[in-house]
Amino acid sequence: MSVTEMFSYIQGFLSADQDIREDIRKVVQVLEQTAREILTVLQSVHQPSGFTDIPSKCLKARELFCTVRNHTGELKTKFPVEQYYRYHEHWRFVLQRLAFLAAFVVYLESESLVTREEVAKILAIEVDREKGFHLDVEDYLAGVLIMASELSRLAVNSVTAGDYGRPLRISNFINELDSGFRLLNLKNDPLRKRYDGLKYDVKKIEEVVYDLSIRGLAKELEAGGDK
């Protein structure tokens, strides 16, 4: 093979790779738009009137996840299954956002932590990397950490809305989450930095709970629970 032929072959390979990346980008753009729509629906829970209608907002979000599943199904067909990590950078951010949104919906519904398996099911993707397009464990953890930040905001807005019990429950949940993350030896720098942010979320929520205690509202809730 001559030098010209060799470089022509390389150019063909590069062109094919660029075509794949462009196809992936188009689907990812649609996923990002749907993620923004879901976020818009869920953000309304932070409004004073939003606390009274959380179930319907979660239902609307789950309906939008149907659209997400259609597009993740399309995304799977855009690249060779064994080359997931070659193109991972293109959908990593949107998958983390979708994992956060799924985790937030599940928390609003049940005040529990969504599992990686549940997120994968909501997004219609795999858990095991051997099966192809899957939810990488670090993307799942990043989504959970984004949710923690959203819950710290929810704790503050709960007080504004007159829901004094919710910050206490959020505080217990976030403390358990923090304890869980402390068990992990995180090597991924972006994930480690995001985990560092969890410490500020814990502190922010503790300040809300402390303020409720100073005002005597926490004791009133405890007394009401005892009755």
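How many aromatic pairs does the structure hold? The structure, a predicted model, holds ten (ring centres of Phe, Tyr and Trp, the last by its six-membered ring, within 6.5 Å). One of them joins W91 and F133. The centres lie 5.1 Å apart, with 55° between the planes. This pair is tilted (stacked is under 30 degrees, edge-to-face over 60, tilted the rest). W91 lies in helix α3 (residues 84-110) and F133 in the loop between α4 (116-123) and α5 (137-160), so the pair ties together parts 42 residues apart in sequence. Helices are DSSP runs of H or I, at least four residues, numbered from the N terminus.

Both W91 and F133 are buried (under 20% relative accessible area; exposed is over 50%, partly exposed in between; 1.4 Å probe, protein chains only). Together with F79, Y84, Y85 and Y87 they form one aromatic cluster. Beyond neighbours within four places in sequence, W91 contacts I24, V28, L75, F79, Y84 and F133 (heavy atoms within 4.5 Å).

The largest nonpolar core has 66 residues. Such a core is a set of buried Ala, Val, Leu, Ile, Met, Phe, Trp, Tyr and Cys residues joined through side-chain atoms within 4.5 Å. F65, W91, L98, M147 and I174 touch the most other members. Helix α3 gives the most to this core, with 16 residues.

G197 sits in helix α7 (residues 189-214). G197 is partly exposed, at 25% relative accessible area.

Residues are numbered from 1 along each chain as its sequence is written. In this predicted model, local features need pLDDT of at least 70, side-chain atom pairs count only at pLDDT 80 or more, and totals for chains, interfaces and linings use all residues, while side-chain values use heavy atoms, without hydrogens and water.

Definitions and conventions:
Helices (H or I, at least four residues) and strands (E, at least two) are DSSP runs, numbered from the N terminus.
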